Amino acid sequence: MAAQDKPRIFPVDDFVREELYPGYKPAFGSQPFVAGPVRPFGKADNARYWLRDSLHFSEGMVPASIATLDDAQTWGAQLGAEIVGVPPTRGSVNRLAGTHVYIGTIDVDTDWQIQSRAARFGAYVGPVLQNFDSYWAMRAGELQSAYDYLDNLDLASMDPGQLWAALKDAYAFHRRAWFIHFEVMYVLTANYLAFYALAEEIGLEGSMVSAFLSGQQTFYSKTDEELWRLAGRARELDVTGPLLHAAPADMKAQIEALPHGRTWWNDFAGFLSAYGQRTEETCRVDTPSWIEDPSPALYSIGTFLSKPTGFDFHAARQQAIAERDEQIEAARRAINGSDLQRFNEALASNLAANFAWWNEEHNYLIDRRAAIPVRRASLELGRRLAADGTIDQPDDLFFLFKPELFAVMEGGDERWPELAAKIPDRRAFFEHWKHRGPELPTMLGTIPDTVPDPIMIEVFGLSGHFLQTLKDGAEGATELRGFPAAKGVVEGTARVITTVADISQVQPGDILVCGGTTTEWTPVFGIIKACVCDTGGSLTHAAIVSREYGIPCVVGTAKATQAIKTGDRVRVDGRAGTVQVFPASP
Amino acid sequence: MTSVLDLGEIRITDTPRVGPKMARLGQLASAGWPVPDGYAVPVEALDGWLSAATRAELARLFGGKQHDPATLQRLSERAQALILEEELPGWLEDAVRLAHERLRQRTGLGPGLRVAVRSSAVGEDGGSASFAGQFSTYLGISEVADVLHHIRKCWASGYTPHALEYRRQIGKSPLHSHDLAVGVLQLVDVRSAGVVFTLDPVTGDRSRLVVEANWGFGESVVSGHVTPDHWEVDRASGQIITRRVGAKQEWSVFEPAAGRVVLSPLPAGLAGQPCLDDDEVRYLCEKAAEIERHEGVPQDVEWAIARDRSLPGSVFFLQHRPETTWPAAAGEGEPPEAAPAPPAAAAKPFDPVQYALRNVFKVPGA
């Protein structure tokens, strides 16, 4: 059991490559980097830790998404950490195993840098937290007005020069959106973690803090509410049959064939125009928005319809808010004097600049939306290039890297045949790795005992326990421990799901076991009994949503998807943070 | 050496002996302000009391440099037991007995007197919240034997693991006990309580004073628990220009069973009622303006009004401190002669930036 006898290194060697994709070696793009562009693993990477980011990117990245990825987790994170002056970290870097994303951090380890960053941090963060409303309103307004412009461009009627300019604008906007993302995120995370530390100091459970901050209306909770309304409307108009049983591709035709089908579909189309500018994954220019492909929204409506009893969205929400308020009052009753005063101040500061809220809200403005303008302009350009035979099909363009595309578009026409010839191999490469996603290790490189970056701990769940569990391995585990994310105890049958694409396999009453969840998983929280994740801390999506749906949840178990098989009986204790496994008979 | 000090004898210069909170109350009392009466057992009494054997045993317990949490917990329990087990020496017991009797006479309450016994930290920075907050307050005590018992409990609370760890962090020996006094104060039967700001704390406007108050003890107001009743008074004319009855749902009341002030639902009959009448509002503002004139800078003044008494005998002042939100406003008055003592244990605010740097990112020296 001695930890030091266990291997501490999970070698990256199997994934070491020079090329990112066939025919492309990583290169610096046009932007300045702090610590290098996205690239494959190299031997030297064995010396540090790398976490598989299945939280944001479960299915792999096409070449065009490499540029959007480095706008985000490489360039955006590094610039945000510099501007805010986060003391222990200079942001993150990415490596790819095949097409799959791993994230590492750039730790700051000299006293002088930590001190000078701390001074910058104080000067920047103090004023922002005091005026967070207007600070965020300004940035949200900037993002929204960019969408108002970019989403409404009539790309089809542009001349080639205009179209190319539109694509460059879309890329420039994407990078800017991610800078905003990390600038705001670091400020809010610090505020949240300060509250967390205070809570622990005055004898409360730090893990309760995100519950205190829950229940605020976000764009996503409004989306869920609309989907719930549309489910009710489907019952009234008697169009539930196709929503529950038809294949996604046939759904629209089957609904519209019903007597009130068109009425319902028009209502649904109105919903899409307001809420449909979102994709299923972050940074992935190859994924459609709901407006292009509404099946995820239709699936969500189906899950609401298949709820066994009369689930009341509003009642559940009201109950969650009442429970939150009771938890806050219970915490207040447990403390007094200066502790109570500081608690109230910290709560007020966090309600005014609320990370738990923003963590959901920003997805609609950044994570799931910022790449859509790039996608639209790329597909229009791709259609034209396919029409004149330069490439085979419009989405071939997603298999070119951004520097390749920019070079060929800005005076390198003669390179088109050479580039087009690489596309089939790259498609094959993407498909190959797409299927290998679930087998990839949670972490690679040297697993440390602790990580210094508190953001990696709370958002990605890299606690000391998590790291130790990884070192110990998963075989034969009958009890897992993790972060107690949402209270309650239930026993039931496990359903192990490793990618959001398989989400429709989840049945009502299942206990969901997965790597981690994102906004796209939210609909299943209405039908599952409990949720168990490999990764995650107090701030991860599964933790927040489980509390709102009132189901037990344990995150950061490190190995649930390995230790548990679909069909196993499991007992989840969301207050203790434990999961007992009773394997099904073989 | 006087082993127990009546409040009337205490001055601000006694801060190192009795802690800042008791010293400021003494200073207020000596300036003629009505405050809850009481007495203090100064820090030197603790060392003077412990027997040589006990001191030797404490020295042995904490001889090592640094302890893991489990060991610290064990040592802490042993040290606290030592203190709670040891008999108080006759001279100290007599001194407390006499002081308590004097207090019963001064208040005119006799055996009906109830007091609060609270530890008063004399920290490095005059009552650092992180230290003082670890110590204890016991309310509603009336028998002198109980007072003596709780004085020992206050001293024992200086040996909790947290207090020991704090001493270690600031480089003080765990044996060092010259940092803990005990204050004994009359527990006023409070009807309403709150704060007067001698300027508008939101706008910095010095032409008006602001009163915020609730039924019951002042904790519910100071902690920001309730939306209090709110008055604004014109400084020049003394006229009340704004009255707002707050949505008060809760109040802080003394709960005899728990022996402490707790927050509980406000009786329905009181919720919609203003907790002060106009005369009380004007009187509090007059007095607060006097304190401001004396201190030279805008103040926030904590006060309480006793049940079943009438003005001005019903009013007690608990503490005052400079209102720091609007430092520029201080320029109008004379600068204070000496820097005012830092506020007592309660007032260290939560600064997310400092907290993030110190407790989250663990930046050395932050």
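1. Two strands are counted as paired if DSSP finds at least two bridges between them. The model is predicted. In chain B, β2 (residues 38-41) and β5 (residues 180-186) pass that test, pairing in the antiparallel sense over four bridges. The β2(B)-β5(B) pair belongs to an open sheet of five strands in chain B, with the order β1-β2-β5-β3-β4 and antiparallel pairing. At the edges are β1 (5-6) and β4 (137-141) of chain B, each of which pairs on one side only.

2. Helix α6 (residues 90-107) of chain B lies across β1, β2 and β5 of chain B and runs at about 165° to β2(B). Helix α8 (residues 144-156) of chain B also packs on the sheet, where it touches β2, β3 (115-121), β4 and β5 of chain B. The direction of α8(B) makes about 25° with that of β3(B).

3. B:Gly48 sits in helix α3 (residues 44-49) of chain B. Between B:Gly48 and B:Leu92 there are 9.3 Å in space, C-alpha to C-alpha, although the two are 44 residues apart in sequence.

4. Further along chain B, strands β7 (residues 208-215) and β8 (residues 229-234) pair in the antiparallel sense over six bridges, and B:Ala213 stands opposite B:Asp229 in β8(B). Strand β8(B) is also joined by four bridges to β9 (residues 240-244) of chain B, again antiparallel. In that pairing B:Trp231 stands opposite B:Arg243 of β9(B). The hairpin of β8(B) and β9(B) has five residues between its strands, and in this hairpin B:Gly238 takes a positive phi near 75°.

5. Turning to chain A, the buried residues of helix α18 (residues 464-472) of chain A include A:Phe466, A:Leu467, A:Thr469 and A:Leu470. These residues lie on the same side of α18(A) because they cover an arc of only 160° around the axis. Strand β6 (443-446) of chain A is among the elements that cover the buried residues of α18(A). After α18(A) comes A:Gly473, with a positive phi near 85°.

6. How many residues does each chain give to the contact? Chain A gives 31 residues and chain B gives 24 residues. On the side of chain A that touches chain B, the elements giving two or more residues are α2 (111-130), α4 (160-201), α11 (313-334) and α12 (337-352) of chain A. The most comes from α12(A), with ten residues. By type, the residues on this side of chain A are 15 nonpolar, ten polar and six charged.

7. The largest nonpolar core has 164 residues, and those touching the most other members are A:Ala194, A:Leu198, A:Ile528, A:Val532 and A:Cys553. Helix α4(A) supplies the largest share of this core, 23 residues. Beyond its neighbours within four places in sequence, A:Leu198 is in contact with A:Arg342, A:Phe343 and A:Ala346, and with B:Phe350 and B:Tyr355 of the other chain. There is also a second, separate core of 82 residues, which includes B:Met22, B:Val41, B:Ala116 and B:Trp231.

Methods. Residues numbered from 1 in each chain as written. Chains lettered and ligands numbered in written order. Predicted model: local features only at pLDDT ≥ 70, side-chain atom pairs only at ≥ 80, totals over all residues. Contact = placed C-beta atoms within 7 Å. Axes fitted to C-alpha atoms, helices over the stretch in contact; angles between N-to-C directions. Buried ≥ 20, exposed ≤ 12 C-beta atoms within 10 Å, placed from the backbone. Arc of directions from axis to C-beta. Nonpolar A, V, L, I, M, F, W, Y, C, P; charged D, E, K, R; others polar. Core = buried A, V, L, I, M, F, W, Y, C linked by C-beta atoms within 7 Å.
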